[in-house]
Amino acid sequence: MTTGFYWDESCFWHGGGNYAGMLPVGGLVQPMNGGLPESPETKRRLKNLMDVTGLSRELAMQSAPNATLEDLLRVHPASYLDTFKKLSDAGGGELGRRTPFGPGGFEAATLSAGLAKGALMAVLRGELKNAYALSRPPGHHCLPDFPNGFCLLNNIGIAIEAAKSAGLAKRFAVLDWDVHHGNGTEAVFYDRADVLTVSLHQDRNYPMDTGDFADRGRGDGTGYNLNVPLPPGMGHKGYLSAMDRIALPAIRDFAPDVLIIACGYDAAANDPLGRMLATAETFQMMTRQVMELAADICDSKLVMVHEGGYSETYVPFCGHAVLQELSGSQICAPDPFAEVFPLRQPDARFDTFIDSWLDDMVTALNP
Ligand SMILES: [Zn+2]
């Protein structure tokens, strides 16, 4: 069986407001042509790089239908969807925080969710070995009724609810390694015991008021949300250690039917919105870790959904490393920063600090 890759040119055409990076127009900085950091460039260049190396020819490349209204209503209230669709048809606007969209924004978002849904459904039906959805706009920040952080619909939430409704799986684990807290996915499933949500993120990056380790879920969902806030400068070794010591054991204990990765690349060493020093090899090794875990606990059922990552030069190489690992391909895109980023890793003296930072969470989870 092959690895599926879900993408659609239309998702690259989603666009928003006139920004200068994160700063709205009206300040003292000249607006940038690309606007927000969430632009098509990183995603398109990942797809382009896969075409140039030939990796895409080894994958099952495809699009998927837009998520339907029925799909959306399982996660988002009708009032939000109505307002979003009307404003999109009227030329676009802003309904939350840092989520501007233009005409056709609604359709781009439902297609983005449709790619995640298509990937998850195909893997659960046994049609693909595993799959990657190059979703855009991203989804993990979007709450049921509050879009934020470039996210207009909760792609993974919509995909999970569709798969559950179709009777394809009962228990889902979401591991979010985007550098920002997966506050939207957390909110969608906070009261639920059938979906484990785990987020590794830079402490107090975005949002600044969510992502605490103490936030473990509510009611039936108590114990089924796990936030793993990490200090800036975590580095390659620190990330793999946080995965090994905290994230992976929690998922193993939960024993899901399928593992879904909210795959952001903004923990990379030169990302403009993160300060974590991960490298393409870090993402490749984390992919190996989750593949080994999925082989042990859920018949290798693994789906990745693209989230953040804002370095136009580096996201393509990080993503290529993930797709190479996921598909078991021999085709590699050599990391152009392979000699530089390892030199920027934290000094060995930092290891003690990282160990003690993680020890506190390990101890709290295993009293
Ligand atoms: Zn992010």
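1. Helix H9 (residues 280–297) packs against helix H10 at an angle of about 30°, and their axes lie 8 Å apart. Axes here are lines fitted to C-alpha atoms, for helices over the stretch in contact, and angles run from 0 to 180 degrees between N-to-C directions. H9 is therefore roughly parallel to H10; angles under 35 degrees count as roughly parallel, over 145 as roughly antiparallel, 65 to 115 as roughly perpendicular and the rest as oblique. The crossing of H9 and H10 is right-handed, a term used if the near helix is turned clockwise from the far one, and left-handed if anticlockwise, by less than a right angle. On the H9 side the contact includes Phe283, Thr287 and Met291, and on the H10 side it includes Phe317, Ala321 and Leu326. Contact requires C-beta atoms, placed from the backbone, within 7 Å.

2. This is a predicted model, in which local features need pLDDT of at least 70 and side-chain atom pairs count only at pLDDT 80 or more, while totals for chains, interfaces and linings use all residues. Residues are numbered from 1 along each chain as its sequence is written. Helices (H or I, at least four residues) and strands (E, at least two) are DSSP runs, numbered from the N terminus.

3. H10 (residues 315–327) also packs with helix H2 (residues 40–53), at an angle of about 55° and with the axes 8 Å apart. H2 and H10 are therefore oblique to each other. H2 passes H10 in a right-handed crossing. Among the residues that meet are Leu46, Leu49 and Met50 in H2 and Val315, Pro316 and Leu323 in H10.

4. Eight strands make up an open sheet with parallel pairing, ordered E4-E1-E5-E10-E9-E6-E7-E8. Strand E4 (60–62) and strand E8 (225–230) are its edges, each pairing on one side only. Two strands pair if DSSP finds at least two bridges between them. On average, neighbouring strands of the sheet are turned by 15° against each other, direction ignored. Helix H8 (residues 235–254) packs on the sheet, where it touches strand E6 (172–176), strand E7 (195–202), E8 and strand E9 (258–263). The direction of H8 makes about 170° with that of E7.

5. Strand E5 (residues 130–133) is paired in the parallel sense with strand E10 (residues 302–306) over three bridges, and four bridges join E5 to strand E1 (residues 3–6), again in parallel. Tyr132 of E5 stands opposite Met304 in E10 and opposite Phe5 in E1. Asn130 and Tyr132 point one way from E5, Ala131 and Ala133 the other way, and all are buried. Buried means 20 or more other C-beta atoms within 10 Å of a residue's own, exposed 12 or fewer, and partly exposed in between.

6. The largest nonpolar core has 108 residues, of which Ala119, Leu259 and Ile260 touch the most other members. Such a core is a set of buried Ala, Val, Leu, Ile, Met, Phe, Trp, Tyr and Cys residues joined through C-beta atoms within 7 Å. Helix H5 supplies the largest share of this core, 13 residues. Leaving aside neighbours within four places in sequence, Ile260 is in contact with residues including Leu120, Phe172, Val303 and Val305.

7. Ala109 is found in H5 (residues 105–124). Ala109 counts as buried because 32 C-beta neighbours lie inside 10 Å. Not counting residues up to four places away in sequence, Ala109 touches Pro137, Leu152 and Leu153.

Definitions and conventions
Contact = placed C-beta atoms within 7 Å.
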